[in-house]
Amino acid sequence: MKAVVYTAPKEYSYAPDLKEIPVPAKGQVLIKVECGVINPTDTYFLSGQYNGTYAYPLVPGLEGSGTVIASGGGLMAWSLVGKRVAFTRINERPAQYTQGGSYAEYCVTNAMLCIKLDDAVSFEQGANGVINPLTAIGILDTVQQKKARAVIQTGGNSQMGRMLIRLFRENNIASISIVRKDDQLQQLKDKFAGDNTFFLNSESPDFKKDLKALAKTLQATVALECVAGPMTGHISDCLPPLSTIIQYGQLSEQKMEGINPMQVIAKGLKVEGFLLGNWSATQKARELVEEVIVNKAFGLHQIHEAMAEYKANMGKGKVLIKPSLTE
C-alpha cells in the first residue's frame with residue numbers, strides 16, 4: 001500500500017509500495033483510510049521530540065476517518081464492518097508504537113477506538129472527531145474539578161481553542177482567549193462575542209498589563225497553555241495567587257521559559273500537564289465536530305508540504321492527509 005513512513009528520528013517520506021496492508025488481530029479492525037489529520041502530537045513525533053525504540057519503518061498519524069473493511073474478530077469489531085468511522089491510535093504512546101498510523105491507504109486500530117459517523121458528518125469532519133473533542137472535554141472536566149470560575153487559554157483561534165470557548169460558555173466559566181494577530185482577534189469576536197468571553201492579542205504593547213488586570217477581575221485561576229517557550233512565563237506573571245498552569249501542548253516547539261521560581265513560591269502557583277491518554281470519556285465528542293474548520297488537504301506524496309502548511313497556518317484550520325489525492 002501507499003503510505004508515509006518514518007524511517008529514523010526526524011526522517012520521514014512518502015513510500016508508494018513499502019508497507020504491506022496490515023492484518024487486524026482479535027478486537028481490531030482494518031480501515032480503508034479516507035482522511036488522516038495533522039495534530040500537534042504528530043508534529044512533535046515527526047520532529048523527533050518523543051523518545052522511544054521503534055521498529056522502522058513505521059507509519060505516523062494518530063487520527064483519521066475511513067470505512068471499516070475487515071475485522072480481526074470480536075463482537076465490537078464485527079459490528080463495525082462496512083461502517084464509516086472516525087478513529088484514533090492514541091492508546092499507543094509514541095514510545096510503544098507497534099502498528100501503522102493514519103497516513104496510509106489502510107490502517108489497523110482497536111475497535112474500541114472507533115466512533116461511528118452519522119450520515120450528516122463528512123469524512124473530513126470525522127477525521128477530527130476524536131483527539132480534539134475528547135481533549136477539550138477532558139480539559140473542561142479538569143477545570144471543573146478545580147472549581148475555576150474563569151480560565152486563560154493560549155492558542156485561542158485554534159480548533160481546540162474554539163471548542164474550549166464553546167464548552168466554557170455552555171458551563172458558565174469565563175474565558176480569556178489569547179491569539180497572536182488582530183485578524184484572529186476579530187474572527188473570535190465575530191463568532192463568540194458575549195458575556196464572560198474575552199480576547200487578547202499577545203503582540204499588543206499592553207498585553208501583559210491587560211491580561212493581569214482581567215485575570216484579577218475575573219479571578220482566572222487556571223491557565224490552559226499550549227504554546228510553551230516564553231509564553232508560559234508571561235502567563236505565570238499575570239496569574240492571581242493560588243493559580244494553576246495546565247500545559248497541554250508545545251506549539252512553539254520550545255521548552256517552557258521565563259517562569260520565576262520566586263513567583264511560584266510567593267503566589268503558590270502550580271504547573272501540571274494534561275495528556276488525553278491519561279483521561280478518557282466520550283460524552284459530547286460528536287457535537288464538537290461541527291466546530292472543525294478544514295484549511296487544506298494534501299496527498300500522501302505531499303507530506304512535507306502538508307506539515308509546512310500546518311505549522312505556518314495553524315489558525316486557519318486543520319490540514320488533512322488524503323490517500324485519494326496521492327499521485
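Colleague: How do the residues lining the second largest pocket divide into nonpolar, polar and charged?

Modeller: In this predicted model, the lining holds 8 nonpolar, 10 polar and 4 charged residues.

Colleague: What makes up the pocket itself, and which residues are closest to its centre?

Modeller: The space in the second largest pocket is about 470 Å³. It has 22 lining residues, and Gly155, Arg180, Val227, Leu251 and Met314 are the closest to the centre. At least two lining residues come from each of β9 (174–179), α8 (230–238) and α11 (303–312). Helix α8 gives the most, with 3 residues.

Colleague: Why is helix α4 called largely enclosed?

Modeller: Buried means under 20% relative accessible area. In α4, 12 of the 15 residues are buried, so the rest of the structure largely encloses the helix. Among them are Ile131, Pro133, Leu134, Ile137 and Val143.

Colleague: How do you know that the span of α4 agrees with its number of residues?

Modeller: The expected span is 1.5 Å times one less than the number of residues. For the 15 residues of α4 (residues 131–145) that gives 21 Å, and the end C-alpha atoms are 21 Å apart, therefore the two agree. After α4 comes lysine 147, with a positive phi near 55°.

Colleague: What makes β4 and β7 partners of β5?

Modeller: Two strands pair if there are at least two bridges between them. Strand β4 (residues 63–71) has 5 bridges to β5 and runs antiparallel to it; glycine 66 is bridged to valine 85. Strand β7 (residues 114–116) has 3 bridges to β5, also antiparallel, with alanine 86 bridged to isoleucine 115. Both counts therefore meet the cut-off.

Technical notes
Residues are numbered from 1 along each chain as its sequence is written. This is a predicted model: local features need pLDDT of at least 70, side-chain atom pairs count only at pLDDT 80 or more; totals for chains, interfaces and linings use all residues. Side-chain values use heavy atoms; hydrogens and water are left out. Helices (H or I, at least four residues) and strands (E, at least two) are DSSP runs, numbered from the N terminus. Buried means under 20% relative accessible area, exposed over 50%, partly exposed in between (1.4 Å probe, protein chains only). On a 1 Å grid over the protein atoms alone, a cavity is a set of points where a 1.4 Å probe fits but cannot get out, and a pocket is an open set with protein on both sides within 12 Å along at least five of seven lines; lining residues have an atom within 4 Å of a point. Grid points are joined across faces, edges and corners, and a volume is the space filled by probe spheres set on the points. Ala, Val, Leu, Ile, Met, Phe, Trp, Tyr, Cys and Pro count as nonpolar, Asp, Glu, Lys and Arg as charged, and the others, Gly among them, as polar.
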